Amino acid sequence: MRTLRRSYDIAIILGILTLLIVPSVVAQYYCEPASSIDNVLKDRQPASDGKIHVTFSFNDPNISQTSKNAILNALNQWNGQGSTSGFVFEAAAAGVTGDVEFMPSTNQTETGGCAAYKPSSQRILYSHDWEQRATIEADGATVIAHEIGHYLGLDDAGTNPSTPTIMNNPVVTQTSTCENATVTTTTVQQNDASRANTCITNARPTPTPTPPECVNDSDCASVAFHK
Ligand SMILES: [Zn+2]
């Protein structure tokens, strides 16, 4: 009887521990480290519409309309989930560099041969191969929507994750290229927007609580300073 009771208690304790530990592990898995998330996302205050406005720009003034359309398609997908993510992208004023900038790159290491978010410069770099892919707008948009996900603090989810997410990755084989690679989930999910919100919220520094002021010495017994 005693042993039974004890194992029952242990089961309850294990249950509570699981509840406490598992959600934090899952959340961490999907977030980029706080240090690589743009300060704009962490520090900017929401506008009157309740959303944080993030500007974007194109580094190449001669970007093809095809490539531009694929990027705008990806931005619009994220904006469609703006009430969940808490962020909305808008074009920077003419001649002004946006908070996030789209830029062509011939450096295969930087783009991984396709496209990549570079946190040190808040740029999403795209290769010539990605421009070929973007001749089908939706295909180009899938890649950029994934990279915007990285900008918004989301980590890769691997191939065929159980929960549909734009952060899924293609199976890379010897014949896969940026142009022909496919993923199961090709568009931004509401789930992605809520995770991005969580990742960025968690990356914000915790405000230092203001110590309570004390008037009478007896109130101040446990407080480190007196007024
Ligand atoms: Zn990725």
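Which residues of α8 are buried? Keep that in mind while we walk over from the sheet.

This is a predicted model, where local features need pLDDT of at least 70, side-chain atom pairs count only at pLDDT 80 or more, and totals for chains, interfaces and linings use all residues. Numbering runs from 1 along each chain as its sequence is written.

**The sheet.** Select the five strands: they form an open sheet in the order β2-β1-β3-β5-β4, with mixed pairing. Strands (E, at least two residues) and helices (H or I, at least four) are DSSP runs, numbered from the N terminus, and two strands pair if DSSP finds at least two bridges between them. Now pick β2 (87-91) and β4 (115-118): each has a single partner strand, so one side of each lacks a neighbour in the sheet.

Next, show β3 (residues 100-104) and β5 (residues 123-126), which run parallel and are joined by four bridges. Click Phe102, whose bridge partner in β5 is Ile124.

**Helix α8.** Jump to residues 190-203. The 14 residues of α8 should span 20 Å at 1.5 Å a residue, and the end C-alpha atoms are 20 Å apart, which agrees; the expected span is 1.5 Å times one less than the number of residues.

Look down the axis of α8: the buried residues fall within an arc of 165 degrees, so they line one face. That arc is taken from the directions from the helix axis to the C-beta atoms. Finish with Gln190 and Thr201, exposed on the other side of α8.

Methods
A residue is buried if 20 or more other C-beta atoms lie within 10 Å of its own, exposed if 12 or fewer, and partly exposed in between; C-beta atoms are placed from the backbone.
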